[in-house]
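Hello,

Here is the structure I promised to send over.

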Amino acid sequence: MFSPRLIIIFTLIFFMAFRAFAQSDQLEILVINPENESLPGATIQLFSAVSDTKKFAVTNQQGLAVLKRIQAGKYTLQISFMGYKTLESEVKVTSGIEKFKFVLQPDAFNLKEVAVVARKPVIRQEDDKMIIDPESLATTTSNTLEVLESTPGLYVDPDGGIYLSSTTAATIYINGREQKMSSQDIATILRSLPPNSVERIEIMRTPSTKYDASSSGGIINVVLKKGVKLGRSGSVNAGMNQGQVGNRYAGFSINFSNDKTSNYVNANYNRNQQFDEMNSTRFIGIDTTLLQASEVSSSNHQVYLGFGSNYQLNERTNYYFDGRINATKRESESSNLNTTSATDFGKLLESNNLIQTDALQLNIQQDLGMSTKFDTLGSMLDLKLSYSHIIPPG
């Protein structure tokens, strides 16, 4: 148990400390310039030679600094701000809230020219996409496709397909618009763009839901500098190979754009043929033989037509139309010849089964849409009206 004397001593100490805290004062210091404008960010220092008290504060946007729990007495106040003379003043604190107003005078000196140099990173991460700056690669590459080939984590195959981290080729966008063309045609456009015409390259390995769900291989968006146009470009390709049967393909692509519109048309035709032949001999019993011979020939005719137009009303609003027509015709013919023979009786049974199939499938897809940006944070309204007509094989 505590003695009464000890309790009285603790009570007096607590009372004196509470009284000292209750009597502590508050300083409000307003710092302005001769034009009566506030100086935010000015440094306030308060010194007391008697009690070794040191207080620090920084003025807010209104040029006001508040120093709390200041005991009564005389203090030295020092105010400093870049471009102004340091001010020192003696202040006397009595009780309550003390308010002071000080005017700093400009310091007459001139700063020498200062050059701040910083290297812009080649690759940086922003939210869900990786940004590539092609400027530093302009001296080592001759076109945009070579920039992509030099980017870590990207692979460009001989046919122009660009891969991120999947077996599916990435979808290519230019200025936020999907290029609905073959890999070879897109590669031709990228080869025609010098590195210094590209502002940045955006890589999205896991695109958000606002992009087409078919973009499982990721998205690469090439953003061109202002004033750079794709202009007119086109390509024609054709080829064939021949063995017992042959394959043939042909196609063309045309792209043209101006200040506000861009249009494209591309078409491809492929004919693939296959031929399979199988012969087998089976022994049934001791003197009976089954001979089987089968031949299967097939051919696929594929036709693709894509066309679209894009109109940019202003910097925020964009209208677009895309159309695609796919037609596939499959033809196949199979022959199965079965012959059963016996050693003593010769040919006992012979059958030949012929099967012919012919199927045509047609798919028509058209999209009409509008996109509008609301702000610089990426808020966007995307409206799309789609029409699809499919004729199943038959």
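The lining of the largest cavity divides into one nonpolar, six polar and one charged residue (Ala, Val, Leu, Ile, Met, Phe, Trp, Tyr, Cys and Pro count as nonpolar, Asp, Glu, Lys and Arg as charged, and the others, Gly among them, as polar). Please keep in mind that this is a predicted model, where local features need pLDDT of at least 70, side-chain atom pairs count only at pLDDT 80 or more, and totals for chains, interfaces and linings use all residues. Residues are numbered from 1 along each chain as its sequence is written, and side-chain values use heavy atoms, with hydrogens and water left out.

The lining residues are D185, T188, I189, S233, G234, S235, S253 and N255.

Now to strand β15 (residues 219-224), where six of six residues are buried, meaning under 20% relative accessible area with a 1.4 Å probe and protein chains only. I219, N221 and V223 are buried on one side, and I220, V222 and L224 on the other. In a regular strand, side chains alternate between the two faces of the sheet.

What does β15 pair with (at least two DSSP bridges between two strands)? Strand β12 (residues 171-174) runs parallel to β15 and is joined to it by four bridges, with Y173 opposite N221. Strand β14 (residues 198-204) runs antiparallel to β15, with six bridges, and I203 stands opposite I220.

Best wishes

Definitions and conventions:
Buried < 20%, exposed > 50% of the residue type's maximum accessible area, 1.4 Å probe, protein only. Pairing = 2+ DSSP bridges. 1 Å grid on protein atoms, 1.4 Å probe; cavity = no way out; pocket = protein on both sides within 12 Å on 5 of 7 lines; lining within 4 Å.
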